[in-house]
Amino acid sequence: MSAPASMPDWYQQGLPHIWLPYSQMKTASAPLAAQSTHGSHITLTDERTLVDGVAAWWTACHGYNHPYIRQAVMKQLETMPHVMFGGMVHEPALRLASRLCALLPGDLERVFFTDSGSVAVEVAMKMAIQYRLNKGEHQRTKMLAFRGGYHGDTLATMAVCDPEEGMHHLYGSALAEHVIAPLPVDETSTRAFMDLLARHAHELAGIIMEPLVQGAGGMLFHAPQVLRTVRAAADQHDVLLILDEIFTGFGRTGTLFACEQAGITPDIITLSKALTGGTMALAATVARRHVFEAFWADNPDHALMHGPTFMANPLACACANASLDLFEAEPRLEQVAAINALMTEALEPCRTLPGVRDVRTLGAIGVVELDRIANPDALRQQLIAHGAWIRPFRNIVYLTPAFTISEQDLLFLCRTIHTVLAA
């Protein structure tokens, strides 16, 4: 990978020293140079403007540079950008924690803040395992996860991703062994899941799953009934249920949280991405009362020994509180419904194109699934050439736009996908 001669000095000097994510650096196209963002638009240093179809990896639900969130950041920056959360608390974090618990279903009432989705999942796994250890059940330290699932890129979370189809299969021998089950979407897979759970329940601390959508697994959708099946099975075998709503949380599937559509409450839930409206890094792991009570003891060994340096960062918490204000003041879920209606209609013509296997939408997620994509990087470059920032992966081209995207921009994205795939 080399820098084009036309790029600015900072790009020329810095590119030889950067390691990009999910990229074979030797063969990948040179990365774009972003200069500014606004709404659903990204302006590059060469003055081109792209319409962003993926909202910065599904985070910028209110669009880029929302003035209300920006104002909240500036106000917090003047008083306290950061302070340690060990032995000290502050208003933005405590106000955010209480607001999250009021929005979540059931008795999800204890919030542990971290600064990334992967770490939030690791904390959830530690909570589930130590929940058993604190009860003296030392053999129950494994998790049950599902094929097609994705929960993060750190070592512990890689171990509960799909071991064969996922992006982490190379690390197989270095990862902890957990139980990987088929998602119970029909009679056959439900029977297989139930049999596997029954055989391994004695060693399981928890079940972890993405509700309604397995995101990085290929935007694979499943019905709310699947969540009810898993919740009932977890109760039957006394296993904690962890729902990873890092992608689905905050309106992406059409309700504020995906689990609402199934009418269930997980024992632990993880949140990130759109938590701050895509402005700063922040994540949360929220536990139900009975989970927390297993840590409430005179024994210091029963404490949860975890504490990221930047946990509950005041700036990030101020962003998240501002984002929640916007969900209260502006019609975000109605906007998601409108996005879904438009994408459902505008992506449907792709279904007749050669090589297209499926077209599907859920909330503000639109997916065109292909038989295969031989070169995702080349396909991305074609989309960029038309003015769209869309990142195909696996065998899908997908849209996860900001909820505030204009109808004109969303139609442009859908039609660009059709144009490029047709060509």
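Two strands are said to pair if DSSP finds at least two bridges between them. Helices (H or I, at least four residues) and strands (E, at least two) are DSSP runs, numbered from the N terminus. The structure shown is a predicted model, in which local features need pLDDT of at least 70 and side-chain atom pairs count only at pLDDT 80 or more, while totals for chains, interfaces and linings use all residues. Residues are numbered from 1 along each chain as its sequence is written, and side-chain values use heavy atoms, with hydrogens and water left out.

**Figure 1. The hairpin of S1 and S2.** Four bridges join S1 and S2, which pair in the antiparallel sense. Alanine 34 has leucine 44 in S2 as its bridge partner. Two residues lie between the strands of this hairpin, and glycine 39 takes a positive phi near 60 degrees there.

Figure 2. Strand S2 (residues 41-44) is antiparallel to strand S3 (residues 49-52), with three bridges between them. Histidine 41 stands opposite valine 51 in S3, and threonine 43 has threonine 49 in S3 as its bridge partner. This hairpin has four residues between its strands, and glutamate 47 takes a positive phi near 80 degrees in it.

**Figure 3. The open sheet of four strands.** The order of the strands is S1-S2-S3-S15, and their pairing is mixed. Strand S1 (34-38) and strand S15 (388-389) stand at the edges with a single partner strand each, so one side of each is left without a neighbour in the sheet. In a regular strand the side chains alternate between the two faces of the sheet.

**Figure 4. The hairpin of S13 and S14.** S13 and S14 run antiparallel and are joined by six bridges. Aspartate 358 stands opposite glutamate 369 in S14. Two residues lie between the strands of the hairpin, where glycine 363 takes a positive phi near 55 degrees.

Figure 5. In contact (heavy atoms within 4.5 Å) are 27 residues of domain 1 and 33 residues of domain 2. The domains bury about 2500 Å² between them, 64% of it on carbon and sulfur atoms; buried area is the accessible area (1.4 Å probe) that two parts lose on being put together, summed over both. Between domain 1 and domain 2 there are zero salt bridges, a salt bridge being a side-chain nitrogen of Lys or Arg within 4 Å of a carboxyl oxygen of Asp or Glu. Among the elements that each supply at least two residues of the side of domain 1 that touches domain 2 are helix H11 (332-347) and strand S13 (356-362).
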